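Biologist: Please take a close look at one hairpin in this model. Then go through the other parts that can be described in the same terms.

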Amino acid sequence: MAIFEYAAAPESVRPKIREQYGLFIDGGWAAPEGAEYFSTINPANEEHLAQVAQATAADVDAAVRAARKAYDKYWRKMKPADRAKYVYRIARAITERARELAVLETLDGGKPIKESRDFDIPTAAAHFQYYAGWADKLEWAMRAGQAPDPLGVCGQIVPWNFPLLMAAWKLAPALACGNTVVLKPAETTPLTALALAQIIRECDLPPGVVNVVTGDGRTGAALVEHPDVDKIAFTGSTEVGKIIARSLAGTGKRLTLELGGKAANIVFADAPMDQAIEGIVNGIYFNQGHVCCAGSRLLVEERAHEEVIVRLTERIQTLRLGDPMDKNTDIGAINSREQLDRIKELVGSGIDQGATLVQQQCELPGKGFFFPASFFTNVQTSHRIAREEIFGPVLAVMTFRTADEAIEKANNTPYGLSAGIWTDKGSKNMWVAGQLRAGVVWCNTFNQFDPTSPFGGFRESGFGREGGVHGLREYLAH
Ligand code: NAD
């Protein structure tokens, strides 16, 4: 299929990035106790962006103490309607600075600017907007007429795939419910969380209500283990989620885990095929496949398999891979060299185990971390590519003959985060959805997110919900 050559359309805004960032503790910027900094880079060209502080256990302790003081002194006592004003103010400030934040997200994380501009940043603002509205109506979120208590100090740990959005998912309900927070962004993407800290400072929130400590897993572990934290909210890998669950067992601290996934995207032969192909592409190639709920296992009804493969093979040739700062780019950079190596290792295992690889034919940029849109056919359910989360632009395609077989294959995973169903028949859609063991099931669509709608998994995808009224309950004591 011919593809039009587009002229370059680079985003022109360049936000001011400081050479060095400290920790945001008690309403101000502080140097890390250990005087250790690490570099955060642009994964699209491997260039250094800034030095970021590695918070030690002593820094985490200072942040937790600031959060406790702010909780007791200001935040839990504040009239809920006043708390709402602060949370609204954050939503407005994010919207006002949306373009700058989108560019920062793309520079630090590698995702296409059109995604950070049209999805990450507006959805982050929408979460603050939505939860601000709940702050003075909490008694109606729980048992009617009874004002619920917040939990206290919350430690929140987020990954690198949607850095600002994951921070918003966690901060907005926690703050609206009257909790104070210590947030730990991922080590490869700290810049938008630090920009958010500055926004929070400018919004004049009482000092210590939100604290941001940067660093690697050691900083996260110090936060988890801190005795004065009342709740840990973690989004990240199942492996680290299990470590956290073990460490918190028996402590009485509340815990929510949003972990990995290996979602089935089920396409019946009677599906609206044009939309289904776009849904498959969106399901696996959005954000380079760095999506916990990515539709990474495609289950196609045998009668439609050939058609789907022909159309998908053509469609991936039209995806534009390259500079994430170009507004036409569909597939940006892989977030880190480590993640690229992991994708290559798993793709290698797929080839070794006998699956057939189909890839987008394009030149990869000379610098930076890139991987072409890919899918495998001839996949067995026992193959590693069908079982393990690849977290990259790689799809495993399998077939089924009956709806029962589709359901059995879809549920044949230790995960349970999301799923998709494509069929023209409404009753089949609803019946299959009811059988799938996944927290979110999209029917004739994929990757729809809204602050009013709960999101979360079960089994090895974690527990607890973010979004909607359900998301409030995770931050209230009863
Ligand atoms: P990760 O688990 O390696 O890291 C996540 C965060 O945890 C980072 O901030 C990291 O520094 C921190 N961390 C690492 N070790 C820690 C420890 N021992 N104690 C406390 N914190 C620690 O995951 P990742 O590679 O950054 O993110 C990718 C994973 O996140 C994927 O598995 C993906 O599916 C998952 N994810 C899930 C959701 C969801 O909502 N379910 C959303 C996005 C990403």
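**The hairpin and beyond**

Modeller: Ser39 stands opposite Gln51 in strand 5. The model is a predicted one, in which local features need pLDDT of at least 70 and side-chain atom pairs count only at pLDDT 80 or more, while totals for chains, interfaces and linings use all residues. Residues are numbered from 1 along each chain as its sequence is written, and side-chain values use heavy atoms, with hydrogens and water left out.

Ser39 belongs to strand 4, residues 37-42. Helices (H or I, at least four residues) and strands (E, at least two) are DSSP runs, numbered from the N terminus. Strand 4 and strand 5 (residues 47-53) run antiparallel and are joined by six bridges; two strands pair if DSSP finds at least two bridges between them. The two strands form a hairpin with four residues between them, and in the turn Glu46 has a positive phi of about 65°.

In a regular strand, side chains alternate between the two faces of the sheet. Buried means under 20% relative accessible area, exposed over 50%, and partly exposed in between, with a 1.4 Å probe and protein chains only.

Strand 15 (residues 394-400) is mostly covered, with six of its seven residues buried. Strand 12 (residues 297-301) runs parallel to strand 15 and is joined to it by five bridges; Leu298 has Val397 of strand 15 as its bridge partner. Strand 14 (residues 374-377) is also parallel to strand 15, through three bridges, and here Ser374 is partnered by Val394.

Val103 lies in helix 3, residues 98-109, and counts as buried because its relative accessibility is 0%. Thr318 sits in the loop between helix 11 (302-317) and helix 12 (337-352). Thr318 has a relative accessible area of 16%, so it is buried. The side chains of Thr318 and Arg315 are joined by a polar contact of 2.6 Å. A polar contact is a pair of N or O atoms within 3.5 Å; within protein, one must be able to donate a hydrogen and the other to accept it, and residues adjacent in sequence count only if both atoms are side-chain atoms.

Around the ligand there are 28 residues, the closest being Lys184, Glu187, Ser237, Leu259 and Glu389; the test is a heavy atom within 4 Å. A ligand nitrogen atom is 2.7 Å from a polar backbone atom of Leu259. A ligand oxygen atom is 3.0 Å from an N or O atom in the side chain of Trp160.

The largest cavity has a volume of about 90 Å³. Of its 17 lining residues, the closest to its centre are Arg297, Ala410, Thr413, Ser418 and Ala438. A cavity is a set of points on a 1 Å grid over the protein atoms alone where a 1.4 Å probe fits but cannot get out, and lining residues have an atom within 4 Å of a point. Grid points are joined across faces, edges and corners, and the volume is the space filled by probe spheres set on the points. Helix 14 (403-411) and strand 16 (418-422) each supply at least two residues of that lining.

Definitions and conventions
On a 1 Å grid over the protein atoms alone, a cavity is a set of points where a 1.4 Å probe fits but cannot get out, and a pocket is an open set with protein on both sides within 12 Å along at least five of seven lines; lining residues have an atom within 4 Å of a point.
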